[in-house]
Amino acid sequence: MTASSFVSMAEKIIKPHSPTPFSLKRYNLCLTDEIMVPVYMPIVAFYPNPSKTPEQVSNLLQNSLSKLLSSYYPFAGTLGSDNASFVDCNDRGAKFIQVRYDCPMSEIVNLPDTGPEYLPFAKGTPWSSTPDEQSLLLVQLSHFNCGGLAVSVRLSHKIADGCTLANFISDWASIARDDNANIPSPQLIGSSIFPPFTEMPSTGIHTDTNVDYEFYNLPVCKKRYLFSNSKLEMLKTQVESETGVQNPTRIEVLSALIYKCAVTAARANSSSFKPSSLSLPVNLRPMLNPPLETRTIGNIISFIKVDTTSEDEMTMGRVAREIRKGKDELKQEGDVKKEKLVSLWSEWIHSIELYRSSSVCNYPLNNLDFGWGKPNRVTIPVFGVANTCMFMDNLSGDGIEVIIVLPEKDVTQFENSKELLQFASPVTNL
């Protein structure tokens, strides 16, 4: 998709169907919302043969979004005057953009890369915002000359995590498909679960959001791999026999495998072993005591961190065991100390020798039927920071698709890893 394929664009603002009551005009952010960097979370779904006309699709999306925003009303507001601690629920609305491209959708869907330059998102990169951008939610409906279409969503990470984004877009699809759908109300209680500090503790924690390390500007390369269900079962069996960890999860074993392969690739291009860490975000909603509803809005997550200080420690079994240990500790605590939470978040954002692994598996993203059929591809553009990976359920239901960002210098070693290729199939086309 090139600049020359762009034909036209139209913008409008979608406001909540019902005005937000005065008593709900201020939505306080929780602690983890406050310290989140001001980036957007992007996702896009592609539909090759919609059963409705472009006009019907556009009207259906706009009307159903307006209805949904009456429940998710903070998403139609703007960040408060301090740009950090609350949302002004002023019903400013979400930005809705329609774009027409003079190219077939296959030019995008059939690409193995997931770079933002290939994906239909509004204005620049999917994650960042322009200085004058105030909308917390941006939607783009893209029409292609083949009749296919794409629906992309960008939601501010200051007010939501991946779980919230997945529930929001799934609820939107449900309402669009059935105007009388019974959608559970979102729970707007994050600030009571993780109340903000009145004053940030002086523990060496980074609180600035202007991160500009040279590391973040390394030349990188994105790769996609598919791990089928049968290969995942083989991997789980191997890890279980090596470690004694009972019924390891798909994400535990995949995170351990990819971390090991990435570190091994980096070691091959270095004169010495460099200590590093693996960090995985964890949805805290089911782990807190009492558990929270899945539709609790906010960044309700913590992190599991596995440190590796020597080559002897870099085994898949040890890493998987440490991931399980960290998860068990979170469950046993039933709570998370605020100081620890801020420290873990700071490391995730600022640490250089960190391998970051995220997952949207088991979220309702592959069945996003708005009323004209299911998508043939759903994807998330991975942030272009070296040693980052994202796990998504494969659309066919057979396994997990992994998108990984590597330093260019490590790519050849990584993609030729025999241990990796024992379980993974490179995605070169769809």
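**Note on the cavity, the sheets and the helix packing**

1. The lining of the largest cavity draws at least two residues from each of helix H7 (250–268), strand S12 (354–359), strand S14 (388–393) and strand S15 (400–407). Helices (H or I, at least four residues) and strands (E, at least two) are DSSP runs numbered from the N terminus. The model is a predicted one, in which local features need pLDDT of at least 70 and side-chain atom pairs count only at pLDDT 80 or more, while totals for chains, interfaces and linings use all residues. Residues are numbered from 1 along each chain as its sequence is written, and side-chain values use heavy atoms, with hydrogens and water left out.

2. The largest cavity holds about 100 Å³ of space. Of its 16 lining residues, Ile258, Tyr355, Arg356, Asn387 and Cys389 are the closest to the centre. A cavity is a set of points, on a 1 Å grid over the protein atoms alone, where a 1.4 Å probe fits but cannot get out; lining residues have an atom within 4 Å of a point. Grid points are joined across faces, edges and corners, and a volume is the space filled by probe spheres set on the points. The count by this rule is 3 cavities of 30 Å³ or more.

3. H7 gives the largest share of the lining of the largest cavity, with 5 residues. By class, this lining has 11 nonpolar, 4 polar and 1 charged residues. Here Ala, Val, Leu, Ile, Met, Phe, Trp, Tyr, Cys and Pro count as nonpolar, Asp, Glu, Lys and Arg as charged, and the others, Gly among them, as polar.

4. H7 also packs with helix H6 (residues 229–243), at an angle of about 80° and with the axes 10 Å apart. H6 is therefore roughly perpendicular to H7, a term for angles of 65 to 115 degrees. Axes are lines fitted to C-alpha atoms, for helices over the stretch in contact, and angles run from 0 to 180 degrees between N-to-C directions. Leu232, Leu235, Lys236 and Val239 of H6 meet Arg250, Val253, Leu254 and Leu257 of H7, where contact means heavy atoms within 4.5 Å. This contact comprises 6 nonpolar, no polar and 2 charged residues.

5. Asn247, in the loop between H6 and H7, has a phi near 45°, a positive value in a residue other than glycine.

6. An open sheet of 7 strands has the order S11-S10-S12-S14-S15-S9-S16, with mixed pairing. Strand S11 (301–308) and strand S16 (425–426) are the edges; each has a single partner strand, so one side of each lacks a neighbour in the sheet. Two strands pair if DSSP finds at least two bridges between them. Helix H8 (residues 316–333) packs on this sheet, touching strand S10 (276–283) and S11, and its direction makes about 145° with that of S11.

7. Within the sheet, S14 and S15 run antiparallel and are joined by 6 bridges; Asp393 stands opposite Ile400 in S15. Strand S9 (residues 220–227) pairs with S15 in the antiparallel sense over 8 bridges, with Cys221 opposite Leu406 in S15. S9 is also joined to S16 by 2 bridges, and these strands run antiparallel. Leu226 has Ser425 in S16 as its bridge partner.

8. The loop between S10 and S11 contains Pro290. The peptide bond from Asn289 to Pro290 is cis, with omega near 0°.

9. A further open sheet has 3 strands in the order S2-S5-S4, with antiparallel pairing. Its edge strands, strand S2 (26–28) and strand S4 (78–79), each pair on one side only. S4 and strand S5 (residues 86–88) pair in the antiparallel sense over 2 bridges, and Leu79 stands opposite Val87 in S5.

Notes
On a 1 Å grid over the protein atoms alone, a cavity is a set of points where a 1.4 Å probe fits but cannot get out, and a pocket is an open set with protein on both sides within 12 Å along at least five of seven lines; lining residues have an atom within 4 Å of a point. Angles under 35 degrees count as roughly parallel, over 145 as roughly antiparallel, 65 to 115 as roughly perpendicular and the rest as oblique.
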